[in-house]
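Hello,

Here is the structure I promised to pass on. My notes follow it.

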Amino acid sequence: TSYDKEPPRDPSLIINSKTPFNAEPPVGALAQSFITPTPHFYKRNHGPIPILENEEEYRLTIDGLLPHPIKLTLAQLKSLGKEVVVASLMCAGNRRTEMSRLKAVRGVGWGPAAVGNAVWGGVPLSRVLQLAGVSQGAWETHSGGRHVEFVSVDRCKEEKGGPYRASIPLHMATCPDQEVLLAYEMNGEPLPRDHGCPLRAVVPGVIGARSVKWLDRINILADECQGFFQQLDYKMFPPWVDWDNVNWSSRSSIQDFPVQLAVCSPTSKDSIAPGSKVTVKGYALSGGGRKIERVDVSVDGGATWAEAQRLPQEGTHGRWAWTLWSLSAIVNPPCQIIAKCVDVASNTQPERVETIWNLRGVLNNSWFRVDIEPPK
Ligand code: MTE
Ligand code: MO
């Protein structure tokens, strides 16, 4: 089968689907390091992992509504100068299983670990587009291009055997401050096969679906990508819309992700004796380059709250990276730990998942709750 040449993977990963391979680390591992080790970084695929290991043969085509269509080798891309960006990638389906517990949704069942924070090394997309004649900060090309489509080489059934693709607005791609990268390194190593070898887009602050792996070409388009994942998926509907009355064209494609948080430890599997001192730990992040302003934690089901300590974001200005946090507290199980956060634009998380339930189970960013039981 087409899945017989998959790369080796860390045995600690929790596999949510084998073909295509979709897996996340145990959530407890996530809060242990600011930079997520590559073997533990969640893997989200829609088809078999392509084999593109011959770097000499690799070409990236940049075409469409721009002055100078170009084809670049990996060496040419690398010669444009390497930049390093610390950015979290998060799948729009992160925490989907909590949403499906309320009422069934369609999609891979993800726990709270479809997110990771890595050091990405590559060439800024704005610099590459400049080579093709698109000026930095441009909102539109002279020939009317307003969107940048990333096209992969992997094949997926949603595209009827065609390649995975997605787009971002042109301005996001041309604006150097957005730090969109064509990455060939992850955590200081060449990009591994699972994460897009030899070249992928990394679009900081935006749902993972737009960070296309195994890049084949970049097309400058007048309208956004017409592919499945841009038009018929990854959109946010209200709770009263279901499969019998969904009108996909009525909603925008998701770009920036909302403010999000999870408790990584303790988990509901840890039974804790009443009166114990525990360290509650987790991650928090927001989209669009908005940092985390505050993390609130309750260990008594919301009766009382305390502010958690936000840990330093080593080696980065922190706009695109998550914030790890911790709080020591005395717990008295049975009890519920609740955590929620606020970003610098004062965006808050919804208290109840009911209010944001949607048929595809995307963007569940409701308050995070962990039920803790005493030992039996
Ligand atoms: N790119 C390609 N070519 N094929 C894919 O299936 N999945 C997307 C995105 N890029 C995907 C892709 C989704 S939905 C997410 S969340 C991220 O890749 C996951 O990236 P990762 O596997 O490196 O964590
Ligand atoms: Mo995703």
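**Ligand shell**

The residues of the shell around ligand 1 divide into eight nonpolar, six polar and four charged. Here Ala, Val, Leu, Ile, Met, Phe, Trp, Tyr, Cys and Pro count as nonpolar, Asp, Glu, Lys and Arg as charged, and the others, Gly among them, as polar. Before going on, note that this is a predicted model: local features need pLDDT of at least 70, side-chain atom pairs count only at pLDDT 80 or more, and totals for chains, interfaces and linings use all residues. Residues are numbered from 1 along each chain as its sequence is written, while chains are lettered from A and ligands numbered from 1 in the order in which they are written.

There are 18 residues around ligand 1, and His-46, Cys-91, Ser-152, Tyr-164 and Gly-208 come nearest. A residue counts as near if its C-beta atom, placed from the backbone, lies within 6 Å of the molecule or strand. Strand S3 (43-44) and strand S8 (147-155) each give the shell at least two residues. Helices (H or I, at least four residues) and strands (E, at least two) are DSSP runs, numbered from the N terminus.

**Annotation and domains**

UniProt, in an unreviewed entry, places "domain: Oxidoreductase molybdopterin-binding" at residues 46-228. UniProt positions are in the numbering used here, feature names are shortened, and annotations may be inferred rather than shown by experiment. Over residues 46-228 the chain is 13% helix and 34% strand. The end C-alpha atoms of that stretch are 12 Å apart.

The domain assignment gives domain 1 (14-250) and domain 2 (260-372). Such bounds come from an automatic or database domain assignment. The C-alpha centres of the two domains lie 26 Å apart. The contact takes 38 residues from domain 1 and 30 residues from domain 2. Two residues are in contact if their C-beta atoms, placed from the backbone, lie within 7 Å. On the domain 1 side, helix H1 (27-30), S6, helix H3 (96-100) and S7 each supply at least two residues. S6 has the largest share of that side, five residues. By class, the side of domain 1 that touches domain 2 has 23 nonpolar, seven polar and eight charged residues.

**Strands**

Strand S6 (residues 83-90) is mostly covered, with six of its eight residues buried. Buried means 20 or more other C-beta atoms within 10 Å of the residue's own, exposed means 12 or fewer, and partly exposed is in between; C-beta atoms are placed from the backbone. S6 pairs with strand S7 (residues 115-124) in the antiparallel sense over eight bridges. Two strands pair if DSSP finds at least two bridges between them. Ser-88 has Asn-117 in S7 as its bridge partner.

In strand S9 (residues 163-169), six of the seven residues are buried, so the strand is largely enclosed by the rest of the structure. S8 and S9 are antiparallel partners over six bridges. Val-151 is bridged to Arg-165 in S9.

An open sheet of four strands runs in the order S17-S16-S20-S21, with antiparallel pairing. Strand S17 (306-307) and strand S21 (368-372) stand at the edges with a single partner strand each, so one side of each has no neighbour in the sheet. Strand S16 (residues 292-298) and strand S20 (residues 335-343) pair over six bridges. Asp-296 stands opposite Lys-340 in S20.

**One loop residue**

Pro-69 lies in the loop between strand S4 (59-64) and strand S5 (70-73). Pro-69 is partly exposed, with 15 other C-beta atoms within 10 Å.

Best regards
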